[in-house]
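Take a look at the chain and its ligands below.

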Amino acid sequence: MAQRWPWPQEFVRNMCILAHVDHGKTTCADNLVSTNGHISKHQAGKIRYMDSRQDEQEREITMKSSSIALRWVNPKEDHFLVNLIDSPGHVDFTSEVSTAARLADGALVVVDVVEGVEAQTRTVLRQAYRDRVKSCLFLNKVDRLIYELKLSPMDIHLRLLRIVEQINAANQQLLSEEAMARDSARKSSEELVDAVDLADELDFEGEDLWRYSPELGNVAFGSAVHGWAFRLDTFASMWAEKLKVKSENLQRVLWGDWTYRPKDKKAVRRTSDSQANTIFASLVMKPICDFYDSIYMDLDKDRLTGMKKQIQAWEDVDVGKLSAGATATRELASRWLPFADCILRMATEHLPSPLSAAEQRLPVLCPKWFAPKPISHPMVEGLQKSDPAATPVAYLAKFLAADLENLVLTGDTPKGEQDVDFVGICRVFSGTLRPGAELYVEPGQRKLRLERIFLLMGRYLQEVKEAPAGSIVACALSGESSELSVERCLTLCEEPEGPCFETPYSSQAFAIVRVSIEPEDVAHLKALERGLRLLHRADPSVSVEAMVSGENVLGCCGDVHLKRCLNDLEKLYARNIKLCITPPLVAVRESIAKSVDKADLKAASLFLPIWMSHLHDASTEAGSMMSVPSDDDTITSEAVQVERWNMSPGGVMTVWTANRKASVRISAMALPPTVLEWMDRHAEALESVIHRQQASIELMGASDGTLLGCLSEVEEQFRQLQADVDEPSFKACNESSISLSGMSVDRGSRTLLLDGSGTWQLRHAYDSGFGTRRDEEGGVPHWMRPHLLAGFYQASAAGPLCEEPLRGVAFLVHSANGQGPAGYREEEEHGNVANPYGPMSGQVMVATKDACRYCLLRKGFSRISEAMLAVDLHCEQEMLGKVYAVLSKRRAKVQNEVLREGTSIFYVQAHLPLANSFELARQLRQAASGHVSFHMAFSHWDLCEEDPFQACSPEDLEEMGDQPPPPNTARKLVDDIRKRKGLPTDEKVVKDATKQRTVTRMK
Ligand SMILES: Nc1nc2c(ncn2[C@@H]2O[C@H](COP(=O)(O)OP(=O)(O)OP(=O)(O)O)[C@@H](O)[C@H]2O)c(=O)[nH]1
Ligand SMILES: [Mg+2]
């Protein structure tokens, strides 16, 4: 390989394999790898070469993306280099799929024809579409339709037709979603066209590009495990010769609803009541079914000998020596319809080369430079042309642990005692990388030195001298910050002012399962922390937090992911350290109820749990109430100056700064579902606009693509939503003039800050004049706004119940005032050290944070949202009862239950709270003696109906007397999290005081 390196770009294909879990990606990859002699043909499909980790092999599931460079020569003698990237299908590893999609230009989407289009198939399609990765389709496991489901050739055709339709519908949905977004953007800019000229060329952008059609040749069928695959042209040319018809014509009617009339060699349209088989069924599936009949279960030598005459590739096969079974099936089928030839031909014909993909993909990868139009910069052209002679720009998508001495990726089994090294998988977008190059980490001034470059060959590394644009390579880097930096993907460029590519991983990925980790021996703490940082670097979807209590908390996307991370930590990154790991802790979100029963609202409006009771001056009695101001709207300053904060019966919280010179008045309400859904849908784009202050294509709308334009678009969309909402509390605020002034979508929070006076707009925070303009009448003073925002962000990140992010809460600022702000500012500027409370900015921030947090403690209104998983479960009919028994014990809500046609398998869809999902796999398998398979993925956050503080007030406790309190799931979750975080709870340590009396023993 090395002698031809570097490869001409038009003959390079960067292709990833995407699919739902277990649909056969790795098996497909095996077949392709075997063409290059890395594994033998007999082993292909069994060895799962790309699953190089031990745990992957043991559990038969791919856990990381891996890449291999393959050579292939097409019939025209063109030499291709295909960089093949296998990706995991399990939801826990979605971020690995993002990496794969980001590195590649094209994708092979694999669908299991027995299971059909599943949840994760849709997710990967969405990912490919979002990254503008063009794809081909492979319908795998056709063999199972033949010998397992025993379908007739006609039924097989119908089933394949339906799957192609389904998957096209899924793609179509993505297209129309985007078209709708574009349309609404046009509407908002009032450029709506009144008429469309039908004679004109209309721009149905991309519709054909994203359609799978066997006639076009971007769909293949086959069985990876038996090593065969075909496209329509394979059979069209085979039959054209025999029937003496034109191959192209035959190809056009081969897939559709046509039958063949041999006497006049015509294709006739099938009528709806026709019993005749389609051409596909009779000319394609029938021979394949016959083949399986004569070799898979029983051997039919005569029939095989007959077939042998027709199939050239079987010339040297001795039918007499064959015995029935999978091995012989594979041997013959892979000669007849060779898998790799079919798939690689499809890939090289239909997937773009790095050259042709660049223009489409750059606006998505680097919107700052390329969306909506490329900026003018000397480096733009080099990137668009993927020019090897331009300034080098590479994108480092992922770090992998490697052993550079032996040139292997370490996987999960380190060799020897040396420490882990990392190589970064890079995609070169322009220029040529050479060892010794000094590369800037964009954006910024930090530099890294490129030490060595490798081609990725599965788990092996092959050193090369250079990497031109369009290639995927592993790079060993050195430099001040190369060890232990926190970044996991970087844009590298030889110039300090280069482009900065967007991170593919959504920072919205949920670290929903968390454990806290500590070393058995405290002396190992440093080593553990280092290990956690290495793990954090190697795996983009891990989160590591240090708690106030000093614990290290590791967050993962699910049960399987957690196990892999712990395994990596013990074997690789924090070796020889004994670890104590707590049972998994789930994440929740804090929220607020829309409304509560009026009867619940007793005299007081604020309920303080016992752990906050220190806030009361003298009284420490659980649940005692704060004083209530006599009037909701007017605050007499003397009264308030005594009490730093209080809540009106209407739920408006007033908080004064510690020096009692400024105050904020804030109330909280639940966000209407439509607004919350809108925030969820655009979470990533909103996060980039609001928190990272980067423009986002999704929210660019009709604007000029600047950050301010995006912010106006956000405001506009919010106004439209606000106008449509018909919930009383939100409506009320919609009638008075209320403006959106802040938003938080960071780390899973979903909150809004609204300004009651309507003068404070979201975009003001990003204006250059923020904080220095003239104050409006009745509005929040400008100097206070940044501090209010900061306080709001802090409160959104950690709520009062258990320091978890808030979700679905809108905070309304009723008023904020400081007496003569100029006075304080002067005081501050002159560095008045006599002020014992610190700068005003900090005080306002704390006051706002407190106000927002206490709002959620309004009596009866506190709520939490639980993470719900969607469970898709398949099981045999007779096991259904047992499966239901397991599910119902775990508070699962069954949504749907259907019998899969043609089988006795039931398909159940349910929602299950994450907290109850641990060890589900084991329990289900035990209950159903293994006859069950299922797939779990995060689905949504569900607002619990229960008030965590119900029946906690002294009166309630009195009423209950001796009885144990009713079970309260919300409360239990809150308490569990508080305990794990080292926060105080109000659980009584002494449960039954009478038992603790010292009893004198009677002798
Ligand atoms: N009958 C049949 N089984 C297949 C075929 N292709 C794959 N399999 C089986 O399906 C199972 C899963 O295959 P893998 O290749 O590991 O699937 P995967 O998509 O890589 O799975 P993940 O990486 O875990 O998402 C294995 O037991 C394969 O033997 C096929 O064409 N026919
Ligand atoms: Mg796999």
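## Ser-386: a loop residue

Ser-386 sits in the loop between α15 (380-384) and β10 (393-403). This model is predicted, and every value here is computed from it. Ser-386 is not a glycine, yet its phi is positive, at about 50 degrees. Most residues other than glycine have a negative phi.

Is Ser-386 buried or exposed? Its relative accessible area is 1%. Buried means under 20%, so Ser-386 is buried.

## Lys-244: another loop residue

Lys-244 also belongs to a loop, the one between α7 (232-243) and α8 (247-254). Its phi is near 60 degrees, a positive value in a residue other than glycine.

What about its surroundings? Exposed means over 50% relative accessible area. Lys-244 has 63% relative accessibility, so it counts as exposed. Ser-386, by contrast, is buried.

## The magnesium ion

Now turn to ligand 2, a magnesium ion. Which residues coordinate the magnesium ion? They are Thr-26 and Thr-62, each through its OG1 atom, at 1.9 Å.

Thr-26 has 6% relative accessibility and counts as buried. Thr-62 is buried too, with a relative accessible area of 7%.

Ten of its ten residues are buried, so α1 is largely enclosed by the rest of the structure. Among the buried residues are Lys-25, Thr-27, Cys-28 and Leu-32.

## Around ligand 1

How many residues surround ligand 1? There are 19, and the closest are Lys-25, Thr-26, Thr-27, Thr-62 and Ala-224. Thr-26 and Thr-62 also coordinate the magnesium ion.

Some contacts can be named. A backbone N or O atom of His-23 is 3.3 Å from an oxygen atom of ligand 1. In the side chain of Lys-141, an N or O atom lies 3.1 Å from an oxygen atom of ligand 1. For Ser-223, a polar side-chain atom is 3.1 Å from an oxygen atom of the ligand. On its own, ligand 1 has 650 Å² of accessible area, and the protein covers 86% of that. Two elements give two or more residues to the shell: α1 and α5 (142-147).

Strand β4 spans residues 106-112. Seven of its seven residues are buried, so β4 is largely enclosed by the rest of the structure. In a regular strand the side chains alternate between the two faces of the sheet. In β4, both faces are covered. Gly-106, Leu-108, Val-110 and Asp-112 are buried on one side. Ala-107, Val-109 and Val-111 are buried on the other.

Which way do the partner strands run? Strand β1 (residues 12-19) runs parallel to β4, and five bridges join the two. Here Ala-19 stands opposite Val-110. Strand β5 (residues 134-140) is also parallel to β4, joined by seven bridges. In this pair, Asp-112 faces Asn-140 in β5.

Strand β34 covers residues 905-913. How many of its nine residues are buried? Seven are, and the strand is mostly covered.

The pairing here is antiparallel. Nine bridges join β34 to strand β32 (residues 862-876), in the antiparallel sense. Asp-872 stands opposite Gln-909 in β34. Strand β33 (residues 893-899) pairs with β34 over six bridges, again antiparallel. There, Val-898 is opposite Tyr-907.

Last stop: helix α23 (residues 785-797), which holds Ala-790. Ala-790 has a relative accessible area of 24%, so it is partly exposed. That value falls between the cut-offs of 20% and 50%.

How far apart are the C-alpha atoms of Ala-790 and Lys-849? They are separated by 8.1 Å, while the two residues are 59 apart along the chain.

Definitions and conventions. Residues numbered from 1 in each chain as written. Chains lettered and ligands numbered in written order. Predicted model: local features only at pLDDT ≥ 70, side-chain atom pairs only at ≥ 80, totals over all residues. Heavy atoms only, no water. Donors = N, O, S within 2.8 Å, 3.2 Å for Na, K, Ca; no water. Buried < 20%, exposed > 50% of the residue type's maximum accessible area, 1.4 Å probe, protein only. Helix = DSSP H or I, 4+ residues; strand = E, 2+ residues; numbered from the N terminus. Pairing = 2+ DSSP bridges. Near = heavy atom within 4 Å. Polar contact = N/O pair within 3.5 Å; in protein donor to acceptor, adjacent residues only side chain to side chain. Areas by Shrake-Rupley, 256 points an atom, 1.4 Å probe, with all protein chains shown as cover.
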